[in-house]
Amino acid sequence: MKTLSKYLAALMLALTPAGAAMAATMMNPAAHEQTTSVNGVTVISGGIGKTDKRWMREHARDHDFFATFAAPNGEFLADVHVKVSNAHGQTMFAMNMPGPMLLADLPQGHYTMRVMLKGWNPEVHAFDIAHGKPAHAYIVMTQTTTATK
């Protein structure tokens, strides 16, 4: 019954333009559990497992920003810390991403994303959000090297 109520709520939300994206998120339990709102910015972390990866890619078009975090060999990286700031240096969101993919809804503007993971070199990526033009980033992180004596 709880599941039926969840799907009915998602259907009702989908009837409004603003609720369509939220309803799509509610219909996917894995992505819904990883949805957060920070400073008015909706952030979804996912991409663990084939089904969730497919869902994230299919829904990227419904969001302003889509990022994937990977090692140089193409292996996805999860549990990265992401901080996104606007052109004025204001932090829009800063959080750990449980999955290797990120979807976010940001206002139009210029942003800087700093990505950190213990044992890996930090990466910085600048991107712009323009009306009707979602931004995509594929962040390849490199492991830190330790000097041997």
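Me: Is T68 buried or exposed?
Reply: This is a predicted model, and T68 is found in strand 3. Burial requires a relative accessible area under 20%. T68 has a relative accessible area of 7%, so the residue is buried.

Me: Which residues is T68 in contact with, leaving aside its neighbours within four places in sequence?
Reply: Contact here means heavy atoms within 4.5 Å. With neighbours within four places set aside, T68 is in contact with F76, P100, M101, A137, Y138 and I139.

Me: How many helices and strands does the chain have, and in what order do the elements run?
Reply: The secondary structure comes to four helices and nine strands. Read from the N terminus, the order of the elements is α-α-α-β-β-α-β-β-β-β-β-β-β.

Me: In what order do the five strands of the open sheet lie?
Reply: The pairing in this open sheet is mixed. Its five strands lie in the order 1-2-6-3-9.

Me: Why is one side of strand 1 and of strand 9 left without a neighbour in the sheet?
Reply: Strand 1 (35-38) and strand 9 stand at the edges of the sheet. One side of each is left without a neighbour because each has a single partner strand.

Me: By what angle are neighbouring strands of this sheet turned against each other on average?
Reply: The value ignores strand direction. On average, neighbouring strands of this sheet are turned against each other by 20°.

Me: Where does helix 4 pack, and what angle does its direction make with that of strand 6?
Reply: Helix 4 comprises residues 50-59 and packs on the sheet. There the helix touches strand 2, strand 3 and strand 6. The direction of helix 4 makes an angle with that of strand 6 of about 30°.

Me: How many bridges join strand 2 to strand 6, and which residue is the bridge partner of I44?
Reply: Strand 2 and strand 6 run antiparallel and are joined by five bridges. In strand 6, the bridge partner of I44 is L103.

Me: Which residues have the most contacts inside the largest nonpolar core?
Reply: In soluble globular proteins, nonpolar side chains tend to be buried together. The largest nonpolar core here has 28 residues. Those with the most contacts inside it are F65, F69, F93, L106 and M113.

Me: Which strand supplies the largest share of this core?
Reply: Several strands each supply at least two residues of this core, among them strand 3 (65-70), strand 5 (91-97) and strand 7 (109-116). The largest share is four residues, and it comes from strand 5.

Me: How many residues are in the other core, which lies apart from this one?
Reply: The other core includes W55, M56, F66 and L103. Its number of residues is seven.

Me: Is K133 buried or exposed?
Reply: K133 has its place in the loop between strand 8 and strand 9. A residue is exposed over 50% relative accessibility. K133 reaches 59%, so the residue counts as exposed.

Me: What distance separates the C-alpha atoms of K133 and H63?
Reply: K133 and H63 are 70 residues apart along the chain. Their C-alpha atoms are separated by 9.7 Å.

Me: Which residues does Q143 touch, not counting those up to four places away in sequence?
Reply: Q143 lies in the segment after strand 9 and is exposed, with a relative accessible area of 52%. Not counting residues up to four places away, Q143 touches G119, W120 and N121.

Me: Over which residues is the pLDDT below 50 or under 50?
Reply: The chain averages a pLDDT of 82, and 75% of the residues score at least 70. Where pLDDT is low, the predicted coordinates should not be read in detail. The stretches concerned include residues 1-13, with a pLDDT below 50, and, with a pLDDT under 50, residues 28-32.

Key. Residues are numbered from 1 along each chain as its sequence is written. This is a predicted model: local features need pLDDT of at least 70, side-chain atom pairs count only at pLDDT 80 or more; totals for chains, interfaces and linings use all residues. Side-chain values use heavy atoms; hydrogens and water are left out. A nonpolar core is a set of buried Ala, Val, Leu, Ile, Met, Phe, Trp, Tyr and Cys residues joined through side-chain atoms within 4.5 Å. Buried means under 20% relative accessible area, exposed over 50%, partly exposed in between (1.4 Å probe, protein chains only). pLDDT is the predictor's confidence in each residue, from 0 to 100. Two strands pair if DSSP finds at least two bridges between them. Axes are lines fitted to C-alpha atoms, for helices over the stretch in contact, and angles run from 0 to 180 degrees between N-to-C directions.
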